Amino acid sequence: MTAIDTTSLVDALRSRVTGSVVAPGDADWDVARQAWNLAADQHPAAVALPESVDDVVAVVEVARAHGLRVAPQGTGHNATPFGDLGDTILLKTGALNQVEIDVEGRRARVGAGVVWAELTAPASEHGLAPLAGSSPNVGIAGYAVGGGLSWLGRKFGSCAESVLAFELVTADGRVVRADAEHETDLFWALRGGGGSFGIVTAVELRLFEVGDVYAGMMLWPAERASEVMHAWREWTLTAPEEVTTSFRLLSVPDDPSIPEPLRGGAFAVIDGAFVGDEAAGREVLAPLRALEPAMDGWTTMPPAGLSYVHMDPEDPMPGVSDSVMLTELTAEAVDRIVELAGPGSGSPLMMAEVRHLGGALSREREGHGARGAFDGDYVVFNGGLALSPEVTEATLAAARALNAALAEWHAPSSYLNFVEQGVDPAGFYRPEAYARLRAIKAAVDPDDVIRSNHPIPPAEG
């Protein structure tokens, strides 16, 4: 790698960017370079925090002039695949935080720095819901370009398919709008193809008129994991599309911030949401409730409440995980999951999760994006805290071993947003989609200036 003249680079950035620019050695360097996932130890050439689209254009132009690349980042939940950022300006989008809601048109426009809670809360006041993720503080832009699995997904599809437009800065410094009529190749690529094609500055999304939903969590002692998971598996085979759920084997840390009934415990958990009223939801969930959970928190709530059902951690933490998509979840697959991650297994995993897909997520719709329909009916996500090198290695090894034990049911592709390790990006897409993504990357960024956590390499020739 060519040596970087940091002084020249930072001077050039500060002369053109109205937002902050942070250099190695500055007092706030460690804060500026930090991702939400603290396991990602990022060391870029500099960090830019733009306050406008013009700032983003300036960062791209300065990067090109210095022979560097640009890595846009919202929160940094899935930052570990970036690896070494030494030849890269890290562009933090947090200040691009505008939220506009068109209630009558049932659509929203959000800046690239907006996290889900900042949209779900005001939209929910009008009975509207975006296809938000299970965490309130995941960035919308990164979630959308990776696909986006929502508690409303089986009813309405992936978040990527609800996107109406992207506003972005391309690798040559152009400011463009990509939608169904403009920059259509970019619009296709950004809906599930990841962030390799430009720096997204804003996203327009469809909002869904759902009113209140019936959602929550049921917990059983971990000792009942096999019984409950088998029952959940059988229930998912006929569950209506209005309900989206997950099953987890969950080991809760002994942390004072966690409520006493959960703290330090091990549980089998079913959580999710039903689009409809409580009476209909209770009828759908009756076979699961017949298992007599030790705790039952399912209730009627506004759509904003869906961001808190899964109890995803909201503060930065070091995490490590592995994920795989399954074409089906058989009784034998359930036995293997419980054997390797359930009670008595000695597994270091804090969580072994299976989310139910299918429904609208598995149907190809006209005009779909790069992700299109999901190839499997379930997705597995296993992981834990990366508290030390030894714990990290053991946790990742356990997650990979569990997913390898399910090899005979692996789907042809995996789900980008759940993969937190560097992998061959071809594994996220169907072959024809991957070839098209590479061709689009070559057309809009042949020099590979824009860097994403799961990069699409430009096609050769």
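Two strands count as paired here if DSSP finds at least two bridges between them. Helices (H or I, at least four residues) and strands (E, at least two) are DSSP runs, numbered from the N terminus.

**Ground rules**

I'm working on a predicted model, where local features need pLDDT of at least 70 and side-chain atom pairs count only at pLDDT 80 or more, while totals for chains, interfaces and linings use all residues. Residues are numbered from 1 along each chain as its sequence is written, and side-chain values use heavy atoms, with hydrogens and water left out.

**Entry 1: the mixed sheet**

I started with β2 (residues 46–49) and β4 (residues 88–92), which run parallel and are joined by 3 bridges. Within that pair, V47 has L90 of β4 as its bridge partner.

Both strands belong to an open sheet of 4 strands with mixed pairing, and I read the order as β1-β2-β4-β3. At the edges are β1 (20–22) and β3 (69–73), each pairing on one side only. From one strand to the next the twist averages 20 degrees. For angles, axes are lines fitted to C-alpha atoms (for helices over the stretch in contact), and values run from 0 to 180 degrees between N-to-C directions.

Next I looked at what lies over this sheet. Helix α1 (residues 6–16) lies across β1, β2 and β4, and runs at about 170 degrees to β1. Contact, wherever I use it, means heavy atoms within 4.5 Å.

**Entry 2: the antiparallel sheet**

Another open sheet has 5 strands, in the order β5-β6-β10-β8-β9, with antiparallel pairing. Its edge strands, β5 (99–102) and β9 (175–179), each have a single partner strand, so one side of each is left without a neighbour in the sheet. The twist here averages 15 degrees from one strand to the next.

I went through two of the pairs. β5 and β6 are antiparallel over 4 bridges, and I101 has A108 in β6 as its bridge partner. Then β8 (residues 163–169) is joined to β9 by 5 bridges, again antiparallel, with V169 partnered by V175 of β9. These two strands make a hairpin with 5 residues between them, and G173 in the turn has a positive phi of about 85 degrees.

As for helices, α4 lies across β5, β6 and β10, at about 30 degrees to β5.

**Entry 3: a salt bridge in that sheet**

I count a salt bridge when a side-chain nitrogen of Lys or Arg is within 4 Å of a carboxyl oxygen of Asp or Glu. The structure holds 31 of them. I picked E204 with R107, whose closest N and O atoms are 2.7 Å apart. E204 sits in β10 (residues 199–206) and R107 in β6 (residues 107–111), so the pair ties together parts that are 97 residues apart in sequence.

**Entry 4: empty space**

Rolling a probe the size of a water molecule over the atoms shows where empty space is left. The search runs on a 1 Å grid over the protein atoms alone: a cavity is a set of points where a 1.4 Å probe fits but cannot get out, a pocket is an open set with protein on both sides within 12 Å along at least five of seven lines, and lining residues have an atom within 4 Å of a point. Grid points are joined across faces, edges and corners, and a volume is the space filled by probe spheres set on the points.

I found 4 cavities of 30 Å³ or more.

Of its 15 lining residues, V31, A32, Q34, L49 and K92 come closest to the centre. β1 and α2 (29–33) each supply at least two lining residues.

**Entry 5: M317**

M317 is in the loop between β16 (299–301) and β17 (319–326). Leaving aside neighbours within four places in sequence, M317 is in contact with W36, N37, L38, A39 and L385.
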